[in-house]
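Please read these notes with the model open beside you.

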Amino acid sequence: MDDLLQNLKDAGCGSQTIETVCRLYRDGQIQAAVKTLRKHRLSLMDSLRESQERVDCLDFLVWRMEREKRQSQNNKKKERH
């Protein structure tokens with residue numbers, strides 16, 4: 001049971017989820033415990049997708065800023081020649 005508790009904490013489960021899963025597991029309601037864990041997994045995946053979208057936006061912003069910088073430098077070089 002200690003391993004289960006530690007795994008739930010490591011997975012980022014909140015105290016309510018931990019209590020629910022532990023109770024269900026202890027009572028032999030394995031399928032219900034798995035259902036609760038799958039629900040938590042979906043929540044984590046949603047967060048992951050949202051984070052990935054934010055990273056993608058930052059990557060695009062960096063790319064655009066670097067492109068503008070290169071274009072600006074190229075324009076300055078052309079003006080000197």
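1. A nonpolar core here is a set of buried Ala, Val, Leu, Ile, Met, Phe, Trp, Tyr and Cys residues joined through side-chain atoms within 4.5 Å. The model is predicted. Its largest nonpolar core has seven residues: Leu-8, Cys-13, Ile-18, Val-21, Cys-22, Leu-24 and Ala-33. Helix H2, residues 15-26, gives the most to this core, with four residues.

2. Take Leu-24, one of the core residues. What is Leu-24 in contact with, leaving aside its neighbours within four places in sequence? The list is Gln-29, Ile-30, Ala-32, Ala-33 and Thr-36. Of these, Ala-33 is also listed in the core.

3. His-40 sits in helix H3, which spans residues 30-80. Is His-40 buried or exposed? Its relative accessible area is 15%. Buried means under 20%, so His-40 counts as buried. Beyond its neighbours within four places in sequence, His-40 is in contact with Ala-11, Gly-12 and Cys-13. Cys-13 belongs to the largest nonpolar core.

4. Now the disulfides. A pair of cysteine sulfur atoms must lie within 2.5 Å to count. By that rule there are zero disulfides. Cys-22 is in none: the nearest cysteine sulfur, that of Cys-13, is 9.3 Å away. Both Cys-13 and Cys-22 are members of the largest nonpolar core.

5. Compare two cysteines by accessibility. Cys-22 has a relative accessible area of 10% and is buried. Cys-57 has 55% relative accessibility. The cut-off for exposed is over 50%, so Cys-57 counts as exposed.

Key: Residues numbered from 1 in each chain as written. Predicted model: local features only at pLDDT ≥ 70, side-chain atom pairs only at ≥ 80, totals over all residues. Heavy atoms only, no water. Buried < 20%, exposed > 50% of the residue type's maximum accessible area, 1.4 Å probe, protein only. Helix = DSSP H or I, 4+ residues; strand = E, 2+ residues; numbered from the N terminus. Contact = heavy atoms within 4.5 Å.
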